[in-house]
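Subject: Structure handover

Hi,

Here is the structure you asked for. Please open it next to this email and follow along.

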Amino acid sequence: MAKQQLLILALAALLAAPACAQGKAKKTRTELSMERQGMVDVQTKDKSIQVSLMYARPDNFTGTVLYTDLGRAYLHPKAAAALAKAQKRLKQLRPDLSLKVYDAVRPMSIQQKMWDKVKNTPKYFYVSNPARGGGLHNYGMAVDITLCTLDGDTLDMGTKIDYMGKAAHIDNEAALVKSGRISRQAQKNRQLLREVMRYAGFKPLRTEWWHFNFISRATAKKYYKVIR
């Protein structure tokens, strides 16, 4: 009887092994490149952080898929640790919510494709010029992020992420609420996002409620390497 039970257990383990292997998605060429360049997967710092990379889908401002083999959100280890700190703070304040990453480290080759879409247009200032060193996404020191429920449903922030217009700016939100451009709840949600991100050391960007920098561009250029 004991032998039969052991055989059954061994067979069950063999059958389960392929399923486990399938459940763990194999790292892509770009993801392995990120790791070789010193970046870390943010979910290894806190697995409760949700990830939905917007440039891995066509519903972004370019209208195309830019991350063809990047599904994980990578950051410089310092920024990744800070993001985990922000998530922990959010959980203290609102256990029913989570941070959701829409973009993290961005290879300079992708930055060039984005720049090509907006150069010589009125929206050029929303994208950093690679010829001038790019932006902090290209160092793994910036993150595009929002708040969501534990089921992954994003909260109302007044505009879609990646929206290029004044309704996404954070320096005059009271006027946006007063004019009906965004709701009072959207303003509160933005304020909560900024609160937890600032707590962890991130600084918001004036023109994009979703964008947060961990260091200055000057510091990045002086001490850190661009991600290729």
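The lining of the second largest pocket divides into six nonpolar, four polar and four charged residues. The space in this pocket comes to about 210 Å³. In total, 14 residues line the second largest pocket, and Y102, T154, T159, K160 and I161 sit closest to its centre. One caution before you read on: this is a predicted model.

**Largest pocket**

The largest pocket holds about 520 Å³ of space. Its lining has 27 residues, with F125, Y126, V127, S128 and R217 nearest the centre. Two elements give two or more residues each to that lining: α4 (108-118) and β7. Which of the elements gives the most? That is β7, with four residues. By class, the lining of the largest pocket has 12 nonpolar, nine polar and six charged residues. A general point on how such spaces are found: rolling a probe the size of a water molecule over the atoms shows where empty space is left.

**The chain as a whole**

The chain has 228 residues, and buried residues make up 46% of them. Its secondary structure comes to seven helices and seven strands. Along the sequence, the pattern reads α-α-β-β-β-α-β-α-β-α-α-β-β-α. Now take the contacts between residues at least 6 apart in sequence: 72% of them join residues at least 24 apart.

**The sheet**

Five strands form an open sheet. Their order is β2-β4-β5-β7-β6, and the pairing is mixed. Which strands are at the edges? They are β2 (50-51) and β6, each of which pairs on one side only. As a reminder, strands of a sheet pair through backbone hydrogen bonds, either parallel or antiparallel.

Here are the pairs, strand by strand.

- β4 and β5: six bridges, antiparallel. D103 stands opposite D144 in β5.
- β5 (residues 142-149) and β7: three bridges, antiparallel. A142 stands opposite N213 in β7. D144 has H211 as its bridge partner in β7.
- β6 (residues 203-205) and β7: three bridges, antiparallel. K203 stands opposite N213 in β7.

Seven of the eight residues of β5 are buried, so β5 is largely enclosed by the rest of the structure. When you look at the side chains, keep in mind that in a regular strand they alternate between the two faces of the sheet.

**The nonpolar core**

The largest nonpolar core has 56 residues. Which members touch the most others? They are L83, L99, I145, L193, M197 and F202. At least two residues of this core come from each of β3 (74-75), α3 (77-93), β4 (97-103), α4, β5, α6 (184-199) and β7. The largest share comes from α3, with six residues. In general, nonpolar side chains tend to be buried together in soluble globular proteins.

Two of these elements have come up already. α4 and β7 supply residues to the core, and both also give residues to the lining of the largest pocket.

Last, look at D59. D59 lies in the loop between β2 and β3. Is D59 buried, exposed or partly exposed? Its relative accessibility is 44%, so D59 counts as partly exposed. D59 and D162 are 103 residues apart along the chain, and their C-alpha atoms are separated by 9.8 Å.

Best wishes

Key. Residues numbered from 1 in each chain as written. Predicted model: local features only at pLDDT ≥ 70, side-chain atom pairs only at ≥ 80, totals over all residues. Heavy atoms only, no water. Pairing = 2+ DSSP bridges. 1 Å grid on protein atoms, 1.4 Å probe; cavity = no way out; pocket = protein on both sides within 12 Å on 5 of 7 lines; lining within 4 Å. Points joined across faces, edges and corners; volume = space filled by probe spheres on them. Nonpolar A, V, L, I, M, F, W, Y, C, P; charged D, E, K, R; others polar. Core = buried A, V, L, I, M, F, W, Y, C linked by side-chain atoms within 4.5 Å. Buried < 20%, exposed > 50% of the residue type's maximum accessible area, 1.4 Å probe, protein only. Contact = heavy atoms within 4.5 Å.
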